[in-house]
Amino acid sequence: MSGEEDRTRATGETIRDGGDGIRGVARGSAPVPLSVLDLVTVGAGSTASDAVRTAVAIARTAERRGFHRYWVAEHHSMPGVASSSPAVLLAHLAAHTERIRLGSGGVMLPNHAPLVIAEQFGTLEAMAPGRVDLGLGRAPGTDGATAAALRRAERLHEGAEDFPQQLAELTRFLDDSFPDGHPYARIHAVPGPVQATSPGGVQSRHRPPLWLLGSSGFSARLAGSLGLPFAFAHHFSAANTLPALDLYRASFRPSELLSEPYALIGVAALAAEEEREARRQVLTGALSMVRLRTGRPGLVPTPEEAEAYRFNELERSFVDGWLGNVVHGTPDAVRQGLDDLAKRTGADELMITSNAHGGAARLRSYELIADAYGC
């Protein structure tokens, strides 16, 4: 990144579109802006504290190398994933970064009262003005029993079915815009816009932009109809990527936030100096997924454990399919894979998640990808 670009970003402005806080800038030779999705994974032999320290290091590296945004995702009851509380993690990361956008990829809206989310992200906006994203999903981010424990609901799918209504309520709290006569008209999410309209108020009315996340067509259609940016989970739902993006673009209606569609896709990618080492690292994530899908979630295994594991026929088929969707290898190979994916999908942004046992391998991967694009 040049010094001129760095100074421009330090003002809080968005270079390409005048500052809507959504569209990024493609750095170096990258085809589109590059971002980071961090699951804050915990490897065997390490602690959650280690994972959080690695998250800080990745966020700071991403900021230094010109990645546009850094998101964390809400997961529950998974020993190998330390991101059950995105707002808490983002507050910590805001204190250790200066310019990069920080956000949730995402907060699982049915797990929470909309007012609580509005308060949490209003607080984050106060901590890091103009660089907070609020990405929302309708899945539980866990299994059904854990979802019931989180939601205190008798019907496990109740929250997902009510997602559009919950989203509308959250938007009202964020904008402080319940109409007169509404039961919540006198309730205000603080920090928030009400402080700008109170006597003597000087608070900015800006609030974090909303994103909808999805792995199928439901959120794609909803995001399009509301004129919101859309993030698709290509890294675990590749077969649905093109249909969902087509549906989002076809459904899109311009809004105050966006005049045209803006879609990013999550991409699993890991680069290493040697192809064999990249393969060793991504195999740890594949084994983690095998264990998760078979009801045995645990810490991310070491490369040695993953290499020694004897996959049965069904597991091997799953692993082959999983790894086929992970862009991995040397930096040049990963760059080519990302370029091809951007061209094939027409995505406006690629959000890279690097799943591996150790923090050092993930950090090195982001550095190598930035090097490959001359960022």
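The structure is a predicted model, in which local features need pLDDT of at least 70 and side-chain atom pairs count only at pLDDT 80 or more, while totals for chains, interfaces and linings use all residues. Residues are numbered from 1 along each chain as its sequence is written, and side-chain values use heavy atoms, with hydrogens and water left out.

**Helix 10**
- In helix 10 (residues 241–251), a DSSP run of H or I of at least four residues, the buried residues (under 20% relative accessible area, 1.4 Å probe, protein chains only) are T241, A244, L245, Y248 and S251.
- These residues lie on the same side of helix 10, because they cover an arc of only 135 degrees around the axis, taken from the directions from the helix axis to the C-beta atoms.
- Their cover includes helix 9 (217–226), strand 6 (230–232), strand 7 (263–271) and helix 14 (331–345), where strands are DSSP runs of E of at least two residues.

**Helices 4 and 7**
- Helix 4 (residues 114–127) and helix 7 (residues 163–175) pack at an angle of about 40 degrees, with their axes 9 Å apart.
- P114, L115, I117 and A118 in helix 4 meet Q166, E169, L170, F173 and L174 in helix 7, with contact meaning heavy atoms within 4.5 Å.

Definitions and conventions: Buried means under 20% relative accessible area, exposed over 50%, partly exposed in between (1.4 Å probe, protein chains only). Axes are lines fitted to C-alpha atoms, for helices over the stretch in contact, and angles run from 0 to 180 degrees between N-to-C directions.
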